[in-house]
Amino acid sequence: MNTPATAEQNVGPSFGVGVLVAAGLTVLGTVAVSFSASHLGTYLMAFAYLCHILYYSPRTTGRVALLAVWLAGSAGLSVLDVSMLTMLSFHIGSLWLARSWCHLDTVLQALTDLGLWIAALALGSVAIMHSASYPLGIWTFFLVQALWPWLARNAAGWTLSEISNATENNVHNKFQNNTDTNQTAFNEAKRNAQSALRRLQSQ
């Protein structure tokens, strides 16, 4: 990844800006679909969001290359007339790489951001399936994306050792709780048996 940013550096635009971007892209995608096929709307939204990522990038290197690669890839996909799934995979993958390069510093931040993209796609798909509303699906997808600066800041301090230790502690605590529960049940059963034995002996 890139050289770590300073603690004072803002990871990205605020949540409020993300909400405004989500609203603007929802309008853009809805208008584009009303005049043409959904593929055009997807390309326009991806291009606009890529420009958003590059505009707020604190790093100047690589921005032209990222834009050129996206344009070349998009042109190739439009010529080949690929499926919607292939097109979405390309756009989400390229936008994730662009955001990781321009704003993120660690591998864990990038992986966390990838999880956010997948979650946004899943929630957006659910919104479309349940409401049959394309604008609602777009809004849901990009509204989830507005959370990425907050998620990146929190993930910036994570390390693999901390995650491993936290996982081990959770497993240990669960094992300890199960052991304590089993021991309590055993002691209770033992006391009941002893009490029953004393009653038999007293008769």
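**Cavity, pocket and helix packing**

Guide: This is a predicted model. The lining of the largest cavity takes at least two residues from each of α1 (15–35), α2 (38–55), α6 (134–145) and α7.

Visitor: Which of them gives the most to that lining?
Guide: α1 does, with three residues.

Visitor: How many cavities of 30 Å³ or more are there?
Guide: The count comes to one cavity of 30 Å³ or more. The largest cavity has a volume of about 70 Å³.

Visitor: Which residues line the largest cavity?
Guide: The lining consists of Pro13, Ser14, Gly18, Val21, Ala22, Tyr49, His52, Phe142, Gln145, Ala146, Trp148 and Pro149. By class, that lining has eight nonpolar, four polar and no charged residues.

Visitor: Ok, pockets. What space lies in the largest pocket?
Guide: About 420 Å³ lies in the largest pocket.

Visitor: And which residues lie nearest its centre?
Guide: Met45, Leu88, Leu121, Tyr134 and Phe141 lie nearest the centre of the largest pocket, out of 19 residues that line it. α2, α4 (84–103), α5 and α6 are the elements that give two or more residues to this lining.

Visitor: How does the lining of the largest pocket divide by class?
Guide: It divides into 14 nonpolar, five polar and no charged residues.

Visitor: Now the helix pairs. At what angle do α1 and α6 pack?
Guide: They pack at about 150°, and their axes are 8 Å apart. That angle makes α1 roughly antiparallel to α6, because angles over 145 degrees count as roughly antiparallel.

Visitor: Left-handed or right-handed, where α1 passes α6?
Guide: The crossing of α1 and α6 is right-handed. On the α1 side, the contact is made by Phe15, Gly18, Val19, Ala22, Ala23, Leu25, Thr26, Gly29, Thr30 and Val33. On the α6 side, Tyr134, Pro135, Ile138, Trp139, Phe142 and Leu143 make the contact.

Visitor: What about classes there, in the contact of α1 with α6?
Guide: That contact has 12 nonpolar, four polar and no charged residues. Gly18, Ala22 and Phe142 are among the residues of this contact, and Gly18, Ala22 and Phe142 are also among those lining the largest cavity.

Visitor: Next, how do α5 and α7 pack?
Guide: Helix α5 (residues 107–131) and helix α7 (residues 148–155) pack at an angle of about 150°, and their axes are 9 Å apart. The crossing of α5 and α7 is right-handed.

Visitor: Which residues make the contact?
Guide: From α5, Gln109, Thr112, Asp113 and Leu116 take part, and from α7, Trp148, Leu151, Ala152 and Ala155. By class, this contact of α5 with α7 has five nonpolar, two polar and one charged residues.

Visitor: Last pair. At roughly what angle do α3 and α4 cross?
Guide: Helix α3 (residues 63–80) and α4 cross at roughly 180°, and their axes come within 11 Å. That makes α3 roughly antiparallel to α4.

Visitor: Which residues in α3 and α4 meet?
Guide: Arg63, Leu66, Trp70, Gly73, Ser74 and Leu77 in α3 meet Thr86, Met87, Phe90, His91, Ser94, Ala98, Trp101 and Cys102 in α4. The contact of α3 with α4 comes to eight nonpolar, five polar and one charged residues.

Technical notes: Residues numbered from 1 in each chain as written. Predicted model: local features only at pLDDT ≥ 70, side-chain atom pairs only at ≥ 80, totals over all residues. Heavy atoms only, no water. Axes fitted to C-alpha atoms, helices over the stretch in contact; angles between N-to-C directions. Helix = DSSP H or I, 4+ residues; strand = E, 2+ residues; numbered from the N terminus. Left-handed = near helix turned anticlockwise from the far one by under 90°. Contact = heavy atoms within 4.5 Å. Nonpolar A, V, L, I, M, F, W, Y, C, P; charged D, E, K, R; others polar. 1 Å grid on protein atoms, 1.4 Å probe; cavity = no way out; pocket = protein on both sides within 12 Å on 5 of 7 lines; lining within 4 Å. Points joined across faces, edges and corners; volume = space filled by probe spheres on them. Parallel < 35°, antiparallel > 145°, perpendicular 65-115°, else oblique.
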